[in-house]
Amino acid sequence: MRTSSLLLLFIFQFRMQECCAQIHPKQDSLLKVFNKTPYDTAKVQVLLDIGKLYHTAAESRPWIQKALDLSRKINYPLGIANALTNENLYLFIEGNYQKVLENCEKAISIAQPIKAHKTLGVLYNYIANVHNYKGEQRQALTYYLKALDEVNQADVPPSFPITIEGNIVKLYVDLREFQKGLEKGLECIARAEKTGSENALAYIYQHVANAYGELKQPKKSRFYFEKCLGIAQRTEDPHLTAAALSNLGGIFSEEGNPDKALDYYAKSLAIADANQDDEIRMWNYHGIAQEHYWKKEWKEAYAVAQKAKEIAEKNQYREYLTNLYLILSDIEVGRGNLKEGANWRKKWYELRTGITNETVLRAVQEFETKYQTEKKTQQIKALQQQQQIQQLSLRQKNLLIYGLLALLGMAGIAAFFYYRYVGQKQRLAAQENLLNEQKIKQLEQEKQLSAVDGMLRGQEEERSRLARDLHDGLGGMLSGIKSSLTAMKGDQIMPEESAYAFGRVIDNLETSIQELRRVARNMMPEALVRFGLKDAMQDYIDYLNQSAKQAIDYQTFGLEERLPQNTEIIVFRIVQELLNNVQKHADATQTIVQLIRDGDRFHLTVEDNGKGMNTGRLAQEKGVGWLNIQSRVNYLNGTLEITSAQGKGTAVNIEFKL
């Protein structure tokens, strides 16, 4: 079985799309968000998200570089670390492992002080992958465990730790501990299938399939390769799709089905060519060369094997190059060129001997390092013990010399320790009082939050009840009275002055009905309950645009799914209060309302071009408007930022976690 050198590189970071030269359809939507968002840190994330839409370096790297440049410009550490991390995927595919390690070192130095556990987990995983690829399995295992420790401290999907455990499964397979890798892999598959971690699951299927193949169980191997292929095609992962097709081609070849094997090799090769995936191109050329060899088509076999050899030499796939030297030797012998066959066999022997010697040397160096470390540890322990003995001897001599002085000073020492004891007891009492005060404050805060929650719920329920009563009860009665008066006017003959006055009464009644409906809609918009925040806000702003002197531009992103009803009501009330303030105080001609949902983060912006205000005076305002806004933001555990200057308008930015 062929094992890909591309380990699980936190594939959940990257949503791979089909390779093409065209602009991705989601790019325009994200660029609109980029242009409208007032936060530079959010712009960095948008640039990184655009980069994730593509999977070729030429398409993705410009966006990663823009994110890196902007992060450095605004001194945004997490953005710098994430940009360096995202670039590592393409560096690893290109085989630039030294640059991967340099990027990881820079990013780790940035991510550690800010405790970016998720980013650190990805970085340690990359370092482990590089060590594993170099054959340094012990170092790889050390960094996989570091990565696992970091992601377990982060708020991440279940696929994160499963992905790292999948890499450990591959490590066992690479060490040829197939049974151990199989047991660990089947455990990971069970967890991944429960959590729906599809991308990680596909790679673990691949590792388990390789283990079954090495254990000479082709049916089970094919079963898991086919499951891997299904996910790879569904998630549009070109590398994994090509790898699965190539391995299935090898299985069909072993089963004596050369036509199907060549078909799968051809499909895999087409994908690998399109994505410049040299490793899988090499596999397929090797497989195709073997099929020509079995058919004794020596010329074709030799030409294709040469292509595989050139790729292996260019990318320094030394382990796999030994297989290509062997098949080239067999081809030359098959067509009667015994001397050339012997030369290829000699190259195979020299390379295999070199790799074996390097492996042995590396193992010896590891054992030597371990031995020296253990030896130094023992020496340190011996020195520490000797030092302890010397210290004990010196202490005994000092006790004998100063014994008499100690007796004379015992009374003073006793008084000193008593004083310290009393002071310590007082400090402990003070600390206990402080802790009790903090607990009381915490309980009071929880009580206040509960009270605010109850107050808000009560307000909204009462608003909803009053709105229904006004609209259905009083509104219906007034409409009935209007209909009766209108009918009465048509049935009665009145003087002209009386008819005019009667008409004025009906007109005033109609105005009252419209005002009643406006009040009921403001108290609890029906669209908010039935259709959600996005449509209710559109309806409210359309109403304001008809009646107000200003133009309101309403923009949303990511609100396809509804928020919790209580959150929708609170956000609606905040925007309603802000727009009310703009109409009353701002003298604005243009207002922008933005509602953006980015995963579990929600951004709200209301910005006008009015006369502005002194933000320092807000805390002194006696009105309940700003107090209501601040209390609702606090209830959502959000942040409120107000930017304003005289004559330059006002921008209110609110952000909270859903």
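Which residue forms a salt bridge with R281, and how far apart are the closest N and O atoms? The partner of R281 is D273, and the closest N and O atoms of this pair are 2.8 Å apart. A salt bridge is defined here as a side-chain nitrogen of Lys or Arg within 4 Å of a carboxyl oxygen of Asp or Glu. The structure is a predicted model, in which local features need pLDDT of at least 70 and side-chain atom pairs count only at pLDDT 80 or more, while totals for chains, interfaces and linings use all residues. Residues are numbered from 1 along each chain as its sequence is written, and side-chain values use heavy atoms, with hydrogens and water left out.

**Salt bridges**

- The structure contains 20 salt bridges.
- D273, in the pair with R281, is partly exposed because its relative accessibility is 36%; buried means under 20% relative accessible area, exposed over 50%, and partly exposed in between, with a 1.4 Å probe and protein chains only.
- A salt bridge also joins D278 and K314, whose closest N and O atoms are 2.8 Å apart.
- This pair links distant parts of the chain, since D278 belongs to helix 14 (residues 278-294) and K314 to helix 15 (residues 298-315), 36 residues apart.
- Helices (H or I, at least four residues) and strands (E, at least two) are DSSP runs, numbered from the N terminus.
- D278 counts as buried, at 14% relative accessibility, whereas K314 is exposed, with a relative accessible area of 58%.
- D273, D278, R281 and K314 are linked in a network of salt bridges.
- K309 and E313 form a salt bridge in which the closest N and O atoms are 3.2 Å apart.
- K309 and E313 are four residues apart in helix 15, so about one helical turn separates them.
- An α-helix has 3.6 residues a turn, so residues three or four places apart point the same way.
- K309 is buried at a relative accessible area of 10%, while E313 is partly exposed at 35%.

**A nonpolar surface patch**

- I401, Y402, L405 and L408 make a nonpolar surface patch of about 490 Å².
- Patches are made of residues with over 30% relative accessible area and no salt bridge, with like charges joined within 9 Å and nonpolar side chains (Val, Leu, Ile, Met, Phe, Trp, Tyr) within 5 Å.
- Accessible areas come from the Shrake-Rupley method with a 1.4 Å probe; for residues, only the protein chains shown count as cover.
- Y402 lies in the loop between helix 17 (338-401) and helix 18 (403-491), and Y402 is partly exposed at 48% relative accessibility.

**Helix 21**

- The buried residues of helix 21 are L533, A536, M537, Y540, I541 and L544.
- These residues lie on the same side of helix 21 because they cover an arc of only 125 degrees around the axis, the arc being that of the directions from the helix axis to the C-beta atoms.

- Strand 5 (residues 650-657) is largely enclosed by the rest of the structure, because six of its eight residues are buried.
- Strand 3 (residues 601-608) runs antiparallel to strand 5 and is joined to it by eight bridges; two strands pair if DSSP finds at least two bridges between them.
- V606 stands opposite V652 in strand 5.
- Strand 4 (residues 639-644) pairs with strand 5 in the antiparallel sense over six bridges, and L640 stands opposite I654 in strand 5.
- The hairpin of strand 4 and strand 5 has five residues between the strands, and in this hairpin G647 takes a positive phi near 80 degrees.
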